Amino acid sequence: MDQFGTLDNLLQEERVFRPLPQLVIEANVNPQELEAHRRMAGHDPLGYWEEAADELDWFKKWDQVLDDSDAPFYKWFPGSRCNIVYNCLDRHIETYNKNKLALIWEGEPGDSRKYTYFELYREVNRVANALRSLGIGKGDRIVIYMPPLPETVISMLAAAKIGAIHSVVFAGFSAKALRQRINDAQAKLVVTADGFYRNGQIMPLKETVDEALVGACADCVDSMIVVRRCKVGVDMTDGRDFWYEDLIRNERNISPTEVMDADDPLFLMYTSGTTGQPKGIVHSHAGYMVGVHRTLNHVFDIKPTDIFWCTADPGWVTGHSAVVYGPLMAGTTTLMYEGHPNYPQADRLWNIVAKYGVTIFYTAPTMIRMLMRFGIQYTRQHDLSSLRLLGSVGEPISPEAWIWLYKNIGRNECPVLDTWWQTETGMFMISPLPISLLKPGSVTKTLPGVEADIVDRDGNPVPAGKGGLLVLKRPWPAMMTGMWNDPDRYREYWEKIPGMYFAGDVARKDEDGYFWIQGRADDVLNIAGHRIGTAEMEAAFGAHRAVHECGVIGVPDTIKGEAAKAFIVVRPEVEPDDELIKDLKRHIRNELGPVAVIKSIEFRDNLPKTRSGKIMRRVLKAEELGHEIGDLTGLEDED
Ligand code: WT7
């Protein structure tokens, strides 16, 4: 075992950490209140969520909390009218929050920008007006292909304000992946930047959008807004491309907030599934707003003095719920950093924590493992005493990484809140609160109003301590409201095990009812906290001229958690060699972008297949890792 630990250690972990008494005294939700919430949510879950909804502002309240007459197409707060942006911005302008910092942003070169709620509100209004003048309105889709910049947040909020549906695409995705998403969403407008700073270099971005648009349905994208970030040369197409600063210069500071129906879509977030096509998860205004607001406030115990830093990129759901919507609804200060965590050296994150006095630091295990590798001399150089809570998300955290974070960043005082959730769930589902007893590596218990269990393939609960499939047994407010253009794929989540939501994870519950997540149960890899389907990678390999057949599996990686290994049968006329390996890696980077990390490529004469000709990934995996065949990780292969 190395310093990072292995996930098998999760099975042996028995340590328990208690919150400091002071923390319990000061917590917004104390242990008695949490128990009361659990009791209430236990016998009246809808009443519990209704109370949560009452903490927000509505144009019109609901007729009903939940309409389940068309399950699994659940409708939360039907009959209500609202807009999440009203709760993120408009309402704060009427309170003491008006002049409080809403957003702190730091660029990689060290430049910084700060917005009060009032300033953010005004700039969002100007962009909202600019979008309207470009012909964008309620229900139109806009794709935001941006690095972490203030304008990324501003564009998201401006879109939502006018009732448009945003789809943020991570800037690490290739032109092809971007095109696929633009096409599926039939986006009318793209927001991008000329480029951005990453690891000391300028990465061009606008040219990738140009490339994506060449093959996109020419009539869907009418306009592009370009933020000037690095002053790199870009080609601007007359009549289609506009500089952000030119567009908003003369726009008014006020703009009406569109009144939305409860299940009017707020955003699409594309995520990988088990087929070659990414799926467009839909989240809508009312339910998402209620679920995210309640869970973020409770889990992170938001106080008026907090500086909240979630290191996720806005291109993922974590960026939506925990960088933009959650913190702004809570009226706290959210912090964003543009660049690479090790630039110019491995203390950059701690430098930022110390400089701005970050109080809550929420990150991913892959980041922690990377920082562990550089050792504690970097953490010791900075005053981290402002921190009071730490958080983890995206993949299982090994007890070693948990303890490293707790000890070296949290001074043995800051609870590590390991939050389990998904793009589909929108909000935190299984997570401790700061007052909870913590076991390193466990996501602890379901939040009030959430019901989860571990079951076998037929939906029968498995005994404590035994591994099984993680399911959710009742709907929750921030759940996805559908799949863009694909209701059947939405329904699949509820049909694999009838009547339950199949999360796609393998997990177990211990004797205390604590959940321990072990990893994905389907053929989806989790590379550095990013989901990528093996089928998507296989399709990308298949598009290469040398490839006849291909099977992709996940293999462990010390820093990234998991990376891909490809088994390839080449076409008869092809001679496999090192050049071909390099070329294939280049090809995947072009097809999918740097998120698809390939650890190795192995050439084979043939691949194991089912009788109907499907490649059996679990056999490849079993051979590779020396595991037993037939565990739960091969669900998708079954014929
Ligand atoms: C998958 C969802 C919204 C979270 C960011 C990723 C894994 C997520 C944890 C955790 C162990 C976790 C699961 C899940 N996952 N959080 N705390 N411990 N595993 O969102 O891309 O939708 O991926 O990430 O496998 O199913 P996502």
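## Basis of the description

The model is predicted; local features require pLDDT of at least 70, side-chain atom pairs count only at pLDDT 80 or more, and totals for chains, interfaces and linings use all residues. Residues are numbered from 1 along each chain as its sequence is written, and side-chain values rest on heavy atoms, with hydrogens and water left out.

The whole structure contains 48 salt bridges (a side-chain nitrogen of Lys or Arg within 4 Å of a carboxyl oxygen of Asp or Glu). One of them joins Glu591 and Lys176, with an N to O distance of 2.8 Å. This pair links distant parts of the chain, since Glu591 lies in helix H18 (residues 578–592) and Lys176 in helix H7 (residues 175–185), 415 residues apart. Helices here are DSSP runs (H or I, at least four residues) and strands are DSSP runs of E (at least two), numbered from the N terminus. Glu591 is buried at 15% relative accessible area, whereas Lys176 is partly exposed at 37%. For these terms, buried means under 20% relative accessible area, exposed over 50%, and partly exposed in between, with a 1.4 Å probe and protein chains only.

Helix H18 also holds Asp583 and Arg586, which are separated by about one helical turn because they are 3 residues apart. Their salt bridge has its closest N and O atoms 3.0 Å apart. Asp583 is partly exposed at 22% relative accessibility, and Arg586 is likewise partly exposed, at 47%.

## A salt-bridge network

Salt bridges also link Lys565, Glu602, Arg604, Glu623 and Glu624 in a network.

## The open sheet and its salt bridge

Four strands form an open sheet in the order E21-E22-E24-E25, with antiparallel pairing. Strands E21 (452–455) and E25 are the edges, each pairing on one side only. Two strands count as paired if DSSP finds at least two bridges between them. Neighbouring strands of the sheet are turned by 45° against each other on average, direction ignored; the axes are lines fitted to C-alpha atoms, for helices over the stretch in contact, and angles run from 0 to 180 degrees between N-to-C directions. Strand E22 (residues 468–472) runs antiparallel to E24 and is joined to that strand by 4 bridges. Leu472 stands opposite Tyr501 in E24.

A salt bridge connects Asp505 with Arg520, the closest N and O atoms being 3.6 Å apart. Asp505 belongs to strand E24 (residues 501–509) and Arg520 to strand E25 (residues 515–520), 15 residues apart. Asp505 is buried at 7% relative accessible area, and Arg520 is buried at 17%.
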